[in-house]
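Here is a short report on one protein model. Keep the sequence and the coordinates open while you read.

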Amino acid sequence: ADPEEVLTILLPPSEVIMESRAMEEEHDIEPLHFCAADVNLNEAEEGGEGLSLHGGLDGELKQMVDDCNGEEPCLKIDTERELYPYAIVWGPLPCITWCLPCVGHMGIGDSAGRVHDFAGPYCVNTNRFMTGRVVRYWQLEKHHIKVLSERGDPAKVWDRAVAEGDRKYAGLMHNICCQNCHHHTSQCARNAGLRIGWFQAAVLVLLKGNSVSWYRTVFAFGPFILLITFILLMSFLT
């Protein structure tokens, strides 16, 4: 992807937030004025058993759980707009995934479904998944949502957890083995009180998750199948 087209969140520059909103208008995405990466954690405080925000932030965060009534969070997946609320998402890394199909890039969706991923040194993307379109996703189950509800408003708790993970990893160097997108995703989940490690996150999205579509799956794993077929064919012929 062109670096100029990648929305990079180096929190909290106002220019990036303005760029995010401009992209929302361009792609007909309903404005979400305070996504997880936009929340000013200095304006948030612990309140009772849950989390509370000062002033207008409270109302803005509630807008992130669109088309929902009551206390139940909105879990509607919108693959056309690449929105995956309360979900861990996965996409292939060209060349690497073609040889090792279990290796790929991972991100996490906030309560509105916008994907956050640790894309490189001091770089956390929001709503611009580094590898392009999501291929597989795993969404939180009912007992996970219950854990969020016990800590307060599920949307607030989840978005606060993602925001804290974003802010931490936006200040860290990316290491392909020890400090990568899997660790960022796991950190966000653990911030929300969920016991999901980086390896478990990979297992969940690859083995228990759902494929977005058959053609995205073919695009991701087709080269590996062709490579194995070619190797077996050459072995048989020789």
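## Contacts and fold

Of the contacts between residues at least 6 apart in sequence, 68% join residues at least 24 apart. The model is predicted. The protein contains eight helices and nine strands.

Buried residues account for 46% of the 238 residues.

## Confidence

The average pLDDT of the protein is 78. A score of at least 70 is reached by 70% of the residues.

## Helix H7

Helix H7 spans residues 198-208. Its buried residues are Ala201, Ala202, Leu204 and Val205. These residues sit on the same side of H7, because they cover an arc of only 160° around the axis. In an α-helix there are 3.6 residues a turn, so residues three or four places apart point the same way.

Phe199 and Leu207 lie on the other side of H7, and both are exposed. What covers the buried residues of H7? The cover includes strand E4 (87-92), strand E5 (104-109), strand E8 (136-139) and helix H6.

## Thr185 in helix H6

Helix H6 runs over residues 181-191 and holds Thr185. Is Thr185 buried or exposed? Thr185 counts as buried, because its relative accessibility is 0% and the cut-off for buried is under 20%.

Leaving aside residues up to four places away in sequence, Thr185 touches Ile88, Met106, Gly107 and Ile108. Ile88 falls in the range of strand E4 (87-92), while Met106, Gly107 and Ile108 fall in that of strand E5 (104-109). Strands E4 and E5, like H6, are part of what covers the buried residues of H7.

## Val212 in a loop

Val212 lies in the loop between strand E9 (210-211) and helix H8 (214-237). Val212 is buried, because its relative accessible area is 17% and buried means under 20%.

Which residues does Val212 touch, not counting those up to four places away in sequence? They are Thr79, Tyr84, Val134, Val135, Arg136 and Tyr137. Val135 is 77 residues from Val212 in sequence. In space, the two are 5.5 Å apart, C-alpha to C-alpha.

Terms used
Residues numbered from 1 in each chain as written. Predicted model: local features only at pLDDT ≥ 70, side-chain atom pairs only at ≥ 80, totals over all residues. Heavy atoms only, no water. Helix = DSSP H or I, 4+ residues; strand = E, 2+ residues; numbered from the N terminus. Buried < 20%, exposed > 50% of the residue type's maximum accessible area, 1.4 Å probe, protein only. Contact = heavy atoms within 4.5 Å. pLDDT = per-residue confidence, 0-100. Arc of directions from axis to C-beta.
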